[in-house]
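Please open the structure in your viewer and keep the selection tool at hand.

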Amino acid sequence: MVVFGADSTRMQRSAQVLCVRDVSLQRRHIVSFMTRFLRQCRRPSGLFGRIVARGMNVGHIPVTLWGLDHLPGDPHKAVLDVGCGGGATMRRLAGYHASPLVCGIDLSCDSARVSRRRNAGLLEEGRGLVARANVTALPFADGAFDLVTAVETHYFWPDLDHDLKEVLRVLAPGGRLMIAGEDYKGSKFEARNIRWVKAAGMRHLTPEELCQACVGAGFADVQMFVDEDRGWVCAVGTRAVQDADGDGERPATS
Ligand SMILES: C[S@@+](CC[C@H](N)C(=O)[O-])C[C@H]1O[C@@H](n2cnc3c(N)ncnc32)[C@H](O)[C@@H]1O
């Protein structure tokens with residue numbers, strides 16, 4: 001019996017050790033899955049990337065609707081969604097404004113692929129275009145759009161100051177930019193956001209810093225909106241009808 005008792009205690013201890021190992025292994029798996037997922041958000045790639053892009057089409061609906069709510073209701077002739085991901089925002093914009101043209105660009109060819117499928121009808125009608133492109137060098141003429149949207153993407157742009165000027169370049173005078181995101185520095189979700197920022201290599205700005213970046217790039221009438229409860233931020237800026245120096249020249253994109 002003593003031997004059995006000793007064995008049983010040893011077995012219980014081994015089981016406990018295995019359990020602890022199991023839990024820490026599970027935790028490590030969850031962390032590594034989250035890190036992989038967040039990296040995919042930065043630039044979806046491969047099958048997992050396409051699944052993530054489709055998931056974001058659903059997961060980003062609330063912040064997208066909230067961001068779009070901050071735009072005046074006037075109809076748009078040509079709209080560009082930068083970092084279009086799986087293409088849900090493009091599709092929504094097409095329905096909202098009956099726009100003749102809705103374009104999307106994304107750095108990731110897998111995002112662009114999902115977006116093309118999502119907007120197949122629009123593309124077939126000749127009312128849409130999805131291009132694999134970098135916000136740093138948009139493949140569009142000066143003043144081509146009267147609205148540019150950017151949902152959950154500005155954190156990943158390589159050079160925010162330059163890239164905002166590039167967005168300004170493709171906006172027609174009077175056109176608007178709307179940036180929306182689920183992360184800003186100083187929100188009540190700071191601890192979680194820092195984990196996102198580290199895992200995905202995101203830019204982490206206060207609303208004031210985002211506002212300053214828009215103003216610095218040359219946007220006029222920049223308005224900032226913050227939903228403190230949900231930790232969301234939105235910036236809306238306008239391309240002035242006349243540039244600050246009054247010469248009607250488009251700003252240089254250095
Ligand atoms: C978090 S996802 C958001 C996608 C989509 N806007 C949405 O709300 O579901 C970020 C997207 O921005 C794209 N992106 C990242 N850097 C970019 C860049 N430099 N130029 C264009 N797109 C970029 C990524 O490839 C990715 O599809």
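Begin by selecting the shell around the ligand, which holds 12 nonpolar, 11 polar and 3 charged residues; here Ala, Val, Leu, Ile, Met, Phe, Trp, Tyr, Cys and Pro count as nonpolar, Asp, Glu, Lys and Arg as charged, and the others, Gly among them, as polar. The model is a predicted one, in which local features need pLDDT of at least 70 and side-chain atom pairs count only at pLDDT 80 or more, while totals for chains, interfaces and linings use all residues. Residues are numbered from 1 along each chain as its sequence is written.

Next, pick out Met56, Gly83, Gly85, Leu107 and Ser108, which come nearest among the 26 residues around the ligand (a residue is near a molecule if its C-beta atom, placed from the backbone, lies within 6 Å of it). Helix 2 (46-59) and strand 2 (101-106) are the elements that give two or more residues to this shell; helices (H or I, at least four residues) and strands (E, at least two) are DSSP runs, numbered from the N terminus.

Now show the strands, where you will find an open sheet of 7 strands in the order 3-2-1-4-5-7-6, with mixed pairing (two strands pair if DSSP finds at least two bridges between them). Strand 3 (128-132) and strand 6 (220-227) stand at the edges, each with a single partner strand, so one side of each has no neighbour in the sheet.

Zoom in on strand 2 and strand 3, which run parallel and are joined by 5 bridges; aspartate 106 has arginine 132, in strand 3, as its bridge partner.
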